[in-house]
Amino acid sequence: MRTEADVGARQLRRARIAIAAVFCVHGTVTGNFATRVPWIQEHTGISTGQLGLALAFPAIGSSLLMPLSGAVTHRFGARRALRGLLALWTLALALPALAPNLYTLCGALFVFGATAGLSDVAMNALGVETEDRLGRSIMSGLHGMWSAGALIGSTAGTLAAHLGVDARVHHLVAAAVLTALGALVCGAVLDLRSAPGEAPPPRFTLPPRTAVVIGLVAFCAVFAEGASLDWSAVYLRDTLDASAGLAAASTTAFTLTMTVARIAGDRVVDRFGAVRTVRCGGVLATAGGLAVVLAPAPAVAMAGFALVGLGVAVVVPLAFAAAGRSGPNPSQAIAGVATITYTSGLVAPSTIGGIADLTSLVVSFGLVTVLALGLVAGADVLRTGARARKAGGGDAVEAAPARSTGAAP
């Protein structure tokens, strides 16, 4: 596998900063969209149930189109592919607010999700390659930058909503700005290219078995994350009679905990390795789940949700990193893990609600606690393909060779 030139230390540092900025831009799109969903619902005149149906389409689009990312990268090279796919994602931000009814909204959200998934796979595959060349963990920090971007985007969206700005105007301006920023920062990422005569990866194929196993661990983490993010405020309000302000604060605290833990997580991973980090995280998340289920007061439940966030924060970044080193086709493996995690994020909120309707939210978060315990049991699968780390920490004993993000070496 070759690059356009031997990557020196200075170029590599620039590449790391650039890919972190890409993650931030990607997350900012999500934050801008999420805050204007109430405006979109009112504009289209759809019911809550119809909105729930429409919001399933991003996950459908992502799951169906993500496997194409490897073929795009193989054809155009990592840098050009990422620049193009990220631009499609940032521009797609403008589509949902322009939809006049349910049917066009579903179509817009399908495109929105498809472009999100394509760019997600490309940037994670390139993040894994950058991490390999640096020789130390950066994936947790990259996902922390995504969370920071989501917070930036949600802040901008909240301000726009507070000022009464039309979401069509807000999202068109945000799409233009983020597209320009994305094109700028992509110029410094690693430019990996397929070797002459190298066969392209299949457009659509089932993920390898190793990716499925890794994805199941990520599923547990994303389920706990999605359940806590969407239901923590409701849990405090309905189960523990917390005030509306205190209930909302629990969601904000959970998000901040996730962001901080991801940004700081790389040092922990470098010191203790992926397996021990995830296993300890599973213990923390399980303890947090138990605190939520057994909480006698809102403060205890809030502490429990914070522990859940702390425990699951680095699992998905490490799952992507392990998938990217688990076989000859990193993009295919990462797409498989991403599909499973997107599915988990889709089913978690509805599953929690369904169980709560039949029993109670306490029972629902009992399931979250059991899945968090699954991180302890399944942490070993993240040892797959792990690269060598510095003496004193880490799980691996052999460095992975450099390779393309889009095709087999």
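Q: Where do Arg 133 and Glu 129 lie, and how many residues apart are they?

A: Arg 133 and Glu 129 both lie in helix α8, four residues apart, which is about one turn of the helix. Helices here are DSSP runs of H or I with at least four residues, strands are runs of E with at least two, and both are numbered from the N terminus. This is a predicted model, in which local features need pLDDT of at least 70 and side-chain atom pairs count only at pLDDT 80 or more, while totals for chains, interfaces and linings use all residues. Residues are numbered from 1 along each chain as its sequence is written, and side-chain values use heavy atoms, with hydrogens and water left out.

Q: What makes the meeting of Arg 133 and Glu 129 a salt bridge?

A: A salt bridge asks for a side-chain nitrogen of Lys or Arg within 4 Å of a carboxyl oxygen of Asp or Glu. The side chains of Arg 133 and Glu 129 meet at 2.9 Å, N to O, so the pair qualifies. The whole structure has five salt bridges, including Arg 168 with Asp 166 at 2.8 Å and Arg 237 with Asp 238 at 2.7 Å.

Q: Why is Glu 129 called buried, and why is Arg 133 called partly exposed?

A: Buried means under 20% relative accessible area, exposed means over 50%, and partly exposed lies in between, with a 1.4 Å probe and protein chains only. Glu 129 has 3%, so it counts as buried. Arg 133 has 27%, so it counts as partly exposed.

Q: Which residues is Gly 309 in contact with, leaving aside its neighbours within four places in sequence?

A: Gly 309 is in contact with Phe 254, Thr 257 and Met 258, where contact means heavy atoms within 4.5 Å. Gly 309 lies in helix α14 (residues 298-312), and its 0% relative accessibility makes it buried.

Q: What makes the reach of helix α9 close to the expected one?

A: The expected span is 1.5 Å times one less than the number of residues. Helix α9 (residues 139-162) has 24 residues and reaches 35 Å from its first C-alpha to its last, close to the expected 34 Å. Just after α9, Gly 164 takes a positive phi of about 75°.

Q: Why does Val 177 count as partly exposed, and where is it found?

A: Val 177 has 45% relative accessibility, so it counts as partly exposed. Val 177 is found in helix α10 (residues 167-186).
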